[in-house]
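Q: I would like to learn how to read the features of a model like this one. Where do we start?

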Amino acid sequence: MTNRGFTINERGQLNRFAIEPKVYVNQTPRTGFTEYAEKLNGRLAMIGFVSLIALEVFTGHGLIGWLTSL
């Protein structure tokens, strides 16, 4: 009967108050040297490395040469 927005207790009384959601707490830390932080750092490093290679292919210069020609 919890899908209708009310419940009936063991004495047959109707509870018309809001049903409390189950609380979920994630216990894994999201800061410091965690697996999540290391994966994110690795992915961002790969994106930066591929971007530098693409810059060199398209412009014909490396990063330092491209920055000095601006």
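A: Start with a pair of side chains: Lys39 and Glu35 both sit in helix α1, four residues apart, about one turn of the helix. Helices (H or I, at least four residues) and strands (E, at least two) are DSSP runs, numbered from the N terminus. This is a predicted model, in which local features need pLDDT of at least 70 and side-chain atom pairs count only at pLDDT 80 or more, while totals for chains, interfaces and linings use all residues. Residues are numbered from 1 along each chain as its sequence is written, and side-chain values use heavy atoms, with hydrogens and water left out.

Q: Why does a spacing of three or four places matter in an α-helix?

A: An α-helix has 3.6 residues a turn, so residues three or four places apart point the same way. Here the side chains of Lys39 and Glu35 form a salt bridge, at 3.3 Å from N to O. The term requires a side-chain nitrogen of Lys or Arg within 4 Å of a carboxyl oxygen of Asp or Glu. By this rule the count is one salt bridge.

Q: Are Lys39 and Glu35 buried or exposed?

A: Buried means under 20% relative accessible area, exposed over 50%, and partly exposed in between (1.4 Å probe, protein chains only). Lys39 is partly exposed because its value is 43%; Glu35, at 58%, is exposed. Of the 70 residues of the chain, 3% count as buried.

Q: What span should helix α1 have?

A: The expected span is 1.5 Å times one less than the number of residues. Helix α1 (residues 35-59) has 25 residues, so it should span 36 Å, and its end C-alpha atoms are 36 Å apart, which agrees. Just after α1, Gly60 takes a positive phi of about 85°.

Q: Which residues make the nonpolar surface patch?

A: Patch residues have over 30% relative accessible area and no salt bridge; like charges are joined within 9 Å, nonpolar side chains (Val, Leu, Ile, Met, Phe, Trp, Tyr) within 5 Å. Leu52, Leu63, Ile64, Trp66, Leu67 and Leu70 make a patch of about 610 Å². Helix α2 (residues 63-68) gives the largest share, four residues. Leu52 belongs to helix α1 and counts as partly exposed at 40%.

Q: What is the mean pLDDT of the chain?

A: pLDDT is the predictor's confidence in each residue, from 0 to 100. The chain averages 80, and 86% of the residues score at least 70.

How values were computed. Areas by Shrake-Rupley, 256 points an atom, 1.4 Å probe, with all protein chains shown as cover.
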